[in-house]
Every structure is written in structure tokens, then in C-alpha cells.
Amino acid sequence: MAGSSGFQLGVVGSLTLSVASSVSIVICNKALMSTLGFPFATTLTSWHLMVTFCSLYAAQRFHFFEPKSIDAKTVILFGFLNGSSIGFLNLSLGFNSIGFYQMTKLAIIPFTVLLETLFLNKTFSQSIKLSLLVLLLGVGIASVTDLNLNFVGSVLSALAIATTCVGQIMTNTIQKRLKVSSTQLLYQSSPYQAAILFATGPFVDQLLTNQSVFSYDYKLIVLAFIVLSCSIAVIVNFSTFLVIGTTSPVTYQVLGHLKTCLILFIGYIILHDPFTVRNIVGILIAIFGMALYSYFSVQESQRKSASDVLPVSQVRSYVLPLSINAIQESDSSYKSK
């Protein structure tokens, strides 16, 4: 019982850390991109990952954690998928309308459920599926505006969905199969992700913004916000791996969409962004869907624990499940207004 309580507290802590850091980085990135005019999202993400790797390298040198080797093939494939996911999501945002981009993000949950059902033999009850449907409906009402289709944008969105889902499932699978912590996996994979985005980021950003990151006028205030953004991103990246490792990819997506609603609300309260009755209704429906998902998850966990004797590490947490990447969360918050 003590071990179970400790595990549940750890999950609550990881969810809280994920929400708090994501909201903080959204406010920082909104100021950096909208107010200060620094629009290079993909390049900024590569800096986030590089700073994350450097921070983890320093931490392991001071013995805050013990690095664990992972075979090169797994790490490279994993880094390629996650780096590609970020790139495709940014390209999707550039080539599609805001509404279609939001629909792309919404499609990640059902596609993840489909992949886990087909390839990992996981089962999801009708109650869980219903609660996810209510949640998606609420987020859709709150965040989706216009829906304009184009061929290139649709292909990019499909690639973004596929790479994101597979990458998140791999995160969960690798941590459990190889018994590596979120810190160990992030330490091994972040340099590969950073390298992919560092090489492609300037070209992707120039394609989307018609501006060059190399010719930008870096004022002191801009540099200060970049440093702050990278610092918060260390926590965001760590909490992302922590949440997926202690819960599941589906729960992480539920968390991401609820953060979208929270960001919309905070944008109205603190940043005075436009807010409509549709936003309020959508957020309330999404919160109701989250409550249903949480309730049904608890019920199923209790039934399962009553019928099976499982190790503590395999027991589902009895907590309220609350994205993807700090930049995507920031983009969807300030560009959807």
C-alpha cells in the first residue's frame, strides 16, 4: 500500500509539473514570438533540446542520475521519429488553416488508440471511448475554427499524426521494456532530436515565415526570453517523458488537450486574448469528458486490481489525467486567436 501510494503521488507530481511548465512556456513563447517578433519555432525547439541535453549531461556528471546505455539503433530511430514529429507539426501549421491544424492534433488520440489496439493488443472499454469522444468534442468546439483542405497540408498532417503517435508509443514501450527512467531516455535521445531539428529548422522556418534566422536582429530582450524559454523547456521535455513513462500515450494526449483548454482560459484572464461563448462551452465539455475518462479509468483500475495481483509498477494510477511539445502548445495558443 505504501508503494502504491508513492507511485500515485509520483504520477500526480509528473502531471502537475507537466501542466505548470507547459503553461509557463506558452506565456514565455507568446511574448517571444508575438510581442518581440521571433517566429522561428522549429529552430527554437532545436535549442530547447540542446539545452536539455547539456543540462542532463551536467546532472549525470554530478551523479544526480546514472546514465543507462540503450542500443544505438533504438535511440537513433526514436530520436528521428520525435524530431520528425516536431518538424511535421510545424509544417502542418504552416501549410494548413488553424482549424485543420487543431483537427490534426485532435486526431492523435483516436489514432494512438487504434495503433495500441492493433499492434499492442490493448483493449479500451466503450466507456473510455465515449469519454474520449466527449473530450475531443469539447476541445474541438473550444479551439477549432475554419477547416480549409489542401493536398500538401493534408499529407503533412498525416505524417505528423503518424510520427507523433509512434514516437509516443515508443517512449512508453522503451521505458517499460528496457527499464529506463524518463531522465535516462531523454538524455540518450535528446542530442539526436536536437541534431535533426538543428539541421532542418532554419530551412523549415524560412519556408514558413519568409525570414532567415541567421539575419534576425537579436536584441538583448529577445536573447533574455530565448534563454528563459530554453530553461523552462528543460522541465517541459523532462515532464513529457515522465508522464508518458508513468501513465500511457493516450493519457498524455488527454493531458495535452486539457492544457490547450487551460491555455485558452489563461490567455483570456492574463493575456486578454479574445474569448467567446463557444470557447467557454467547449472548455466545460472538455472538462466533463476528462472527468468521465478519469472516473472510468479509476473504476477499471479498481476492478483489475481486485481480480489480479499485480506488481505496484503496473497498477494504473487513480488520478485525474490531465503535449505535445512546448512549441506546438505555444503555436496553437497564440495562433488560434
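How much of residues 38–58 is helix, how much is strand, and how far apart are the end C-alpha atoms? I put this to the model, which is a predicted one. I found 86% helix and 0% strand over residues 38–58, with 29 Å between the end C-alpha atoms.

Entry on the annotated spans. I consulted UniProt, where an unreviewed entry places the feature "transmembrane region" at residues 38–58, 70–93, 99–120, 127–145, 220–243, 250–271 and 277–296. I then examined residues 70–93, one of the spans in that record. Residues 70–93 are 92% helix and 0% strand, and their end C-alpha atoms lie 33 Å apart.

Entry on helix 7. I noted that helix 7 runs over residues 151–178. Helix 7 has 28 residues, and I read 40 Å from its first C-alpha to its last, close to the 40 Å expected at 1.5 Å a residue. I also looked just after helix 7, where Lys179 takes a positive phi of about 55°.

Entry on helix 7 and helix 5. Helix 5 comprises residues 108–119, and I found that it packs against helix 7 at an angle of about 55°, the axes being 10 Å apart. I therefore recorded helix 5 as oblique to helix 7. Their crossing is right-handed. On the side of helix 5, I listed Ile108, Phe111, Thr112, Leu115 and Glu116 as making the contact. On the side of helix 7, I listed Ile161, Ala162, Thr164, Cys165, Val166 and Ile169. By class, I sorted the residues of this contact between helix 5 and helix 7 into eight nonpolar, two polar and one charged.

Entry on helix 7 and helix 3. I next took helix 3, residues 72–95, whose axis comes within 8 Å of that of helix 7 and crosses it at roughly 150°. The crossing of helix 3 and helix 7 is left-handed. In the contact of helix 3 with helix 7, I noted 14 nonpolar, eleven polar and one charged residues.

Entry on helix 2 and helix 8. Which way does helix 2 run relative to helix 8, roughly parallel or antiparallel? I found that the axes of helix 2 (residues 41–61) and helix 8 (residues 182–209) come within 7 Å and cross at roughly 155°. I therefore recorded helix 2 as roughly antiparallel to helix 8. Helix 2 passes helix 8 in a left-handed crossing.

Terms used
Residues numbered from 1 in each chain as written. Predicted model: local features only at pLDDT ≥ 70, side-chain atom pairs only at ≥ 80, totals over all residues. Heavy atoms only, no water. Axes fitted to C-alpha atoms, helices over the stretch in contact; angles between N-to-C directions. Helix = DSSP H or I, 4+ residues; strand = E, 2+ residues; numbered from the N terminus. Parallel < 35°, antiparallel > 145°, perpendicular 65-115°, else oblique. Left-handed = near helix turned anticlockwise from the far one by under 90°. Contact = heavy atoms within 4.5 Å. Nonpolar A, V, L, I, M, F, W, Y, C, P; charged D, E, K, R; others polar. UniProt positions renumbered as here; feature names shortened; annotations may be inferred. Expected span 1.5 Å × (residues − 1).
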